[in-house]
Amino acid sequence: MKGGVLMVAMCLFMVGFSPIYLQASAQPAIIPEITLECLEDSVEIGIDAAFVTCEIENPTQYVEKIELTSESDINLAHPEEITLGAGDSQQFMVAIDSSSASIFGDYEANISAKVVEANDIAVSLITSTESDSFIITIAETLDCEVTMGQGGGAIEAGEIVIFSATYRCDGNRDGVKVIAHLELFEHGGNSPHWPAGFIDKSPPCDLTINNGDGVASCQFTLETPDEIYSEWKGCMIILDNTVRTADTCNQNTKLQLTVKPKSTGLGIELGGNNSIIDQLGLTKEQLPIIGGGIGLLVIIIIGLVISRRKNRDYEHEQ
């Protein structure tokens, strides 16, 4: 009984497929088929566009309904079905959701296509699956930021600057070591500049990325020269060894620093840009008056000295 039912089912299937067979009997391709090719072998997220183009072709004389599926550890989006006329071809896009993979590395993606209907007749039982694959590379990412404590300002030559900073990095590759260090930038410049006598005495400051992030709290120490001949203005910046880009003193994450020449007990800076007259607050109009007064005082002192000598000589003769 069961054998008879199975025989009847097979006969019905052959009768249903006979129009296709009769139509295609004179053609090279009897069984419905397709070709599938993805035009990119690999794609890197973050550099290339997050899309891959694939092309599907129907080399037969049937109108084919094709089912598309995919498999990957990264989420993919593409059409689920495509219908192609006899001899036609069509390209379709595979969109890559990079946010579904957080770890750096290479991921394989496989795209499959199968003819499920030919001339409106179900043929999935007699057609094979065509597939192609490509590699998705999630590029390494690393984003670091620094929070700087109090410090800097205006100091005299020879003083030591000490401040703290918290360095935090987020990345998608574990085991990456980031080394933070102190740099000096002069006002108006966009690259590090260490004048003579400025010495970084900071202990090491490094962190390692684990489970997507890393953090380090560090202390930085800057020694300034005992003597300088002109005022130095700039800022202190914390950078790391992974990326070196142009920087300036115009952002909030910097500590401004002004180092002035040492001043005397009278408040006069030795070796500074300003003269002693400027530092005393004298004007050009006051100089002749002050100079004349000083000259008159010198003449009076000289006269008194000469007069005393004459008196002593006269008393000696008596």
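**View 1. Confidence across the predicted model.** The protein averages a pLDDT (the predictor's confidence in each residue, from 0 to 100) of 81, and 72% of the residues score at least 70. Over residues 1-27 the pLDDT is below 50, and this stretch has 18 contacts (heavy atoms within 4.5 Å) beyond near neighbours in sequence. Residues are numbered from 1 along each chain as its sequence is written, and side-chain values use heavy atoms, without hydrogens and water. As this is a predicted model, local features need pLDDT of at least 70 and side-chain atom pairs count only at pLDDT 80 or more, while totals for chains, interfaces and linings use all residues.

**View 2. The disulfide of Cys38 and Cys54.** Here a disulfide (a pair of cysteine sulfur atoms within 2.5 Å) joins Cys38 to Cys54, S to S 2.2 Å. The torsion about the S-S bond is about 90°, so this link is right-handed. Cys38 is buried (under 20% relative accessible area; exposed is over 50%, partly exposed in between, with a 1.4 Å probe and protein chains only) at 4%.

**View 3. The disulfide of Cys144 and Cys169.** The sulfur atoms of Cys144 and Cys169 lie 2.0 Å apart. Cys144 belongs to strand β11 and Cys169 to strand β13, so the pair ties together parts 25 residues apart in sequence. Cys144 is partly exposed at 22%, whereas Cys169 is buried at 0%.

**View 4. Thr258 and its neighbours.** Thr258, in strand β19, is buried at 16%. Among the residues Thr258 touches are Gly153, Ile155 and Trp232.

Key:
Helix = DSSP H or I, 4+ residues; strand = E, 2+ residues; numbered from the N terminus. Lists of a residue's contacts leave out its neighbours within four places in sequence.
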